[in-house]
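Biologist: I would like to learn how to read features from a model. Could we take them by topic, with the general idea ahead of the case?

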Amino acid sequence: MSKTIWVIHGPNLNLLGSREPGIYGTATLAQIDADLAKFGSDQGFSVESFQSNHEGALIDHIQTAPAAGVGFIILNPAAYTHTSVALRDALAAVALPFIEVHLSNIHRREPFRRHSYFSDLAVGVIAGLGPSGYRLALQAAIESLRAGGPAAAPAASTNKG
Ligand code: CA2
């Protein structure tokens, strides 16, 4: 059983805690990542976080996940949620299970945030619960790995929408 879980944050999430606290809360990304690392290590898992403002860097990172022995990914694609077929293709290519997390409830914001290029590939989606969403996703990932893991994410979507 893999004991390595990756947390991947998309663009601008490095600004957490410094701007727009009404939408994204007051916790910094470093605080969120430290909480996840501790929560994981208390349960015997290595939780490694990565953030980038660059689509290609996120894709390069995801492509290395299988060789790094990663068993599960927790992903907040940030604005790439709504734009990036390339990032979606990277997730599909590595065929690792992942949970999509959003701090805000993307369904009660602007209409352009309601569509995600990731949700139909994800094992699950959490939105609107702030940093707790990451923690809940991590708990679910740990339980899934302990149970033998879910079916890997499908290599290609049948969703025509
Ligand atoms: O709610 C989420 O987690 C989002 O993925 C955050 C993205 C947004 O584009 C998605 O629609 C929903 C934006 C992340 C920007 O983060 C900031 C944090 C602090 C200050 C400014 C931006």
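This is a predicted model: local features need pLDDT of at least 70, side-chain atom pairs count only at pLDDT 80 or more; totals for chains, interfaces and linings use all residues.

Modeller: Residues are numbered from 1 along each chain as its sequence is written, and side-chain values use heavy atoms, with hydrogens and water left out.

Biologist: Where does the ligand sit?

Modeller: A pocket is defined on a 1 Å grid over the protein atoms alone, as an open set of points with protein on both sides within 12 Å along at least five of seven lines. A molecule sits in a pocket if more than half of its atoms lie within 2 Å of its grid points. Here the ligand sits in the largest pocket.

Biologist: How many residues surround the ligand?

Modeller: A residue is near a molecule if one of its heavy atoms lies within 4 Å of it. The ligand has 17 residues around it, and the closest are Asn76, His82, Leu103, Ser104 and Arg113.

Biologist: Which polar side-chain atom and which backbone N or O atoms lie by an oxygen atom of the ligand?

Modeller: A polar side-chain atom of His82 is 2.7 Å from a ligand oxygen atom. For Leu103, a backbone N or O atom lies 2.7 Å from an oxygen atom of the ligand. For Asn12, a backbone N or O atom lies 3.5 Å from an oxygen atom of the ligand. As for cover, the ligand taken alone exposes 510 Å², and the protein buries 94% of that; these areas come from the Shrake-Rupley method with a 1.4 Å probe.

Biologist: Which residues have a positive phi without being glycine?

Modeller: Asn12 is one of them, with a phi of about 75 degrees. Asn12 lies in the loop between strand 1 (4-9) and helix 1 (21-24). Helices (H or I, at least four residues) and strands (E, at least two) are DSSP runs, numbered from the N terminus. Ala95 also has a positive phi, near 55 degrees, and comes just after helix 4, in the loop between helix 4 (85-94) and strand 4.

Biologist: Is Ala95 buried, exposed or partly exposed?

Modeller: Buried means under 20% relative accessible area, exposed over 50%, and partly exposed in between (1.4 Å probe, protein chains only). Ala95 has a relative accessible area of 27%, so Ala95 is partly exposed.

Biologist: What do the buried residues of helix 4 pack against?

Modeller: Contact means heavy atoms within 4.5 Å. The buried residues of helix 4 are Leu87, Arg88, Ala90, Leu91, Ala92 and Val94, and they pack against helix 3 (55-63), strand 3 (70-76) and strand 4. Strand 4 (residues 98-102) includes His102, which is buried at a relative accessible area of 4%. Not counting residues up to four places away in sequence, His102 touches residues including Asn76, Pro77 and Thr81.

Biologist: How do Val47 and Glu48 read in terms of accessibility?

Modeller: Val47 lies in strand 2 and counts as buried because its relative accessibility is 12%. Leaving aside neighbours within four places in sequence, Val47 is in contact with Ile5, Val7, Leu36, Ala37, Gly40 and Leu138. Glu48, in strand 2 (residues 46-51), counts as partly exposed because its relative accessibility is 37%. With residues up to four places away in sequence not counted, Glu48 touches Thr4, Ile5, Trp6 and Val7.

Notes
A polar contact is a pair of N or O atoms within 3.5 Å; within protein, one must be able to donate a hydrogen and the other to accept it, and residues adjacent in sequence count only if both atoms are side-chain atoms. On a 1 Å grid over the protein atoms alone, a cavity is a set of points where a 1.4 Å probe fits but cannot get out, and a pocket is an open set with protein on both sides within 12 Å along at least five of seven lines; lining residues have an atom within 4 Å of a point.
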